[in-house]
Amino acid sequence: MRFTRAYLFLAIFTIALQMSSHASAQAALLLEDAAGFSSVLSPSGHVALYFARVCADTPTRLRRCAPGELGTVISRYEGIKGVDWLAIPLLPHLYAVDDPLSVPEHVDHKTVAELRQAYHDTGLTTLGKDVPVGGRLMPGWNQLIGDAYERRIYAYRFETTEEQDDALIARLNDDRNQSHFNFFYKNCADFVSDLLNFYFPGAFKRRILPDAGITMPRQTAYQLERYARSHPEIHLQLMEIPQIPGYRRQSGHSKSIAESLVVTGDVIPLALLNPYLAAGVVLDYLICGRYPLGRQHPQILSPQTMAVLAGSPDPNLSQPISAKKEQAGNPLVASTAASAAPSTAGQTPR
């Protein structure tokens, strides 16, 4: 009898431990749609990594998160203070605010500019005054914050260990953070692939085809999906962060170079100049360059439920204490947040 009870206790403890592990995914690849004027020139979009345990003292100095913090988004950018990577807290990266209740449901250019400027004046002053705001053609600090006003974002969430995250913090803090950005071999997708190889050694490799060996955001997401099929222990889950309407037209899915040339019709003038090169681009797209991604039934996140991305079973943890009190005293806000909360668990892409 004692043996039976001990065995039953061990089985229950094991199941609970597995469920707890499954609910505490600590990182995510953020595949960001192509948006704005850049989507016309290069519909590849952008890619970044989110870490729930990693926070930032400054945009270039990392530390472990304190209780209640939601983590940070790290990515490679071009033309920002001459540095290779920058880290921005999750909510400011998405919405340019710290309080999820401050995120508007609809925005215009003036509102977005004001939100970005307000956060810059409090959270990005360490970048210095010589960093431009940025615009349609010139990169600047505006690309660091308010990203969800520009585009839809797919989050491929996976698990990491505390030891891995601590090692990553030490590596990025110790490395020389100096930019040598190059679209062909040192772009944002190359940076993300390098960090993912730090967690999953050898899983992300540069290929000659497609895209002539250029690493692209969609390719990186596809390789993570493929890795997860043979490594279910990372518990890959798909989530969607919708674009806030009003500021830009609806963003378009990220594409490989070959796909963008074929889908947009740019391959036709290329065929007039060099039919053999155009035929190679079409074959590249048809054979290697479509990267089918599993996007069925993603879990939809809202600003009020963003803590789910950090692996929290309580979506209200994404709100600061003052916001929770305000929400508790406002039935309209409470009902809106409740309706935005996801009703089903995220689905593992297949």
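Modeller: A salt bridge is a side-chain nitrogen of Lys or Arg lying within 4 Å of a carboxyl oxygen of Asp or Glu. The structure above is a predicted model, in which local features need pLDDT of at least 70 and side-chain atom pairs count only at pLDDT 80 or more, while totals for chains, interfaces and linings use all residues. Residues are numbered from 1 along each chain as its sequence is written, and side-chain values use heavy atoms, with hydrogens and water left out.

Colleague: What makes the pair Glu32 and Arg151 a salt bridge?

Modeller: The N to O distance between the side chains of Glu32 and Arg151 is 3.8 Å, and because the rule asks for a nitrogen of Arg within 4 Å of a carboxyl oxygen of Glu, the pair qualifies. The two residues are 119 apart in the chain, with Glu32 in strand E1 (residues 27-32) and Arg151 in the loop between helix H4 (109-123) and strand E7 (153-158); helices (H or I, at least four residues) and strands (E, at least two) are DSSP runs numbered from the N terminus.

Colleague: Is Glu32 buried or exposed, and how do you know?

Modeller: Buried means under 20% relative accessible area, exposed means over 50%, and partly exposed lies in between (1.4 Å probe, protein chains only). Glu32 has a relative accessibility of 0%, so Glu32 counts as buried, and Arg151, with a relative accessible area of 14%, is buried as well.

Colleague: How many salt bridges does the rule give?

Modeller: The count comes to 15 salt bridges.

Colleague: How do you know whether the length of helix H7 agrees with its number of residues?

Modeller: The expected span of a helix is 1.5 Å times one less than its number of residues. Helix H7 (residues 217-230) has 14 residues and should therefore span 20 Å, and its end C-alpha atoms are 21 Å apart, which agrees.

Colleague: What makes H7 mostly covered?

Modeller: Of the 14 residues of H7, 11 are buried, including Pro217, Tyr222, Leu224 and Ala228.
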